[in-house]
Amino acid sequence: MSTYKDIGVETVGHVGTIEIRRPPLNFFDISLINQIADALDEFDRDIEICASVLSAQGKAFCAGANFQDPARQAQEAREADKTAKGDPADSLGAINHLYIQAVRIFRAKKPIVAAVQGAAIGGGLGLAVSADFRVTCPEARFSANFTKLGFHPGFGLTVTLPELIGKNNAELMFYTSRRVTGEEAFKWGLANELVPQDQVKAAALKLAGEIAECSPLGLVSTRATMRAGLADRVMAATNHELEEQTRLRATEDFKEGVKATEERRVANFRGR
């Protein structure tokens, strides 16, 4: 296996494991999503691996993008300036590249179990939903908090979340930006198993091990049928999501939403 900067990659029997190692919140960026996609590609090429587990160190599974990161803030400022000058296409580069890497995750050939031991927020929810199954705990929180930040859902969630929990429940999560508990996620079908927090990874490994006892050729063939066209639908969705995100990131409401979230207060949105 290759050596990665921000993830740990190991093999347990016929199960490959990927552990995100950016605690405590495990914010993602292009590099992290690329590393996860590369590791999944390695698993696909390894005939001995039949399934994988995606887990994380720290208190959060993945808190999405870090909008307070100085480098990201500088990038956002450049993108907003380009959009204001009427050339939004020039502002799509970095995030578009992240979504290209995200689509690679959806093109993985073997089943993935996400061990969600903490918060899966924004794009972090998108990452959790990219897996076939999710094992979680009562302490976990699932949130599509995009509208509370003042912009549009991303990471393909406008396709994946309705298919998983139904259109109306997805709308509820999008329109309220509420945090759904582990118990609620389990009831909605957003999570497949609910266990004590200290047992999440072990339970995910057990589920992946059960999958890995089946025929590897049968698994890949059946999964390809069940997920037929999903990666292409996600790619089309992220293209649209990106256009909306780019437009809305240039607004005053987006700046207020990010600031209000940082200050843990209700945002004073103005609709501009």
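**Notebook: salt bridges, a helix face and a charged patch**

I began with Arg-104, which is partly exposed, with 22% relative accessible area. Keep in mind that I'm looking at a predicted model.

Next I looked up the partner of Arg-104: a salt bridge joins it to Asp-38, with the closest N and O atoms 2.7 Å apart. Asp-38 sits in helix H1 (residues 30-45) and Arg-104 in helix H3, so this pair ties together parts that are 66 residues apart in sequence. Asp-38 comes out as partly exposed too, at 27%.

Then I checked Asp-132. It makes a salt bridge with Arg-223, closest N and O atoms 2.9 Å apart. That links distant parts of the chain, as Asp-132 is in the loop between H4 and S7 while Arg-223 is in helix H10, 91 residues apart. Asp-132 also forms a salt bridge with Arg-227, at 3.3 Å.

I turned to helix H7 (residues 167-176) and found Ala-170, Glu-171, Met-173 and Phe-174 buried. Down the axis of H7 they fall within an arc of 165°, so they line one face of the helix. On the face turned away from that side I found exposed Asn-168 and Tyr-175.

Last stop, the surface: Glu-139, Glu-183, Glu-184 and Asp-198 gather there in a patch of negative charge. I looked up Asp-198, which lies in the loop between strand S10 and helix H9 and counts as exposed at 71% relative accessibility.

Note on methods
Residues numbered from 1 in each chain as written. Predicted model: local features only at pLDDT ≥ 70, side-chain atom pairs only at ≥ 80, totals over all residues. Heavy atoms only, no water. Patch = residues over 30% accessible without salt bridge, like charges linked within 9 Å, V, L, I, M, F, W, Y side chains within 5 Å. Areas by Shrake-Rupley, 256 points an atom, 1.4 Å probe, with all protein chains shown as cover. Salt bridge = Lys/Arg side-chain N within 4 Å of Asp/Glu carboxyl O. Lys, Arg positive; Asp, Glu negative; His and termini not counted. Charge placed at Lys NZ, Arg CZ, Asp CG, Glu CD. Helix = DSSP H or I, 4+ residues; strand = E, 2+ residues; numbered from the N terminus. Buried < 20%, exposed > 50% of the residue type's maximum accessible area, 1.4 Å probe, protein only. Arc of directions from axis to C-beta.
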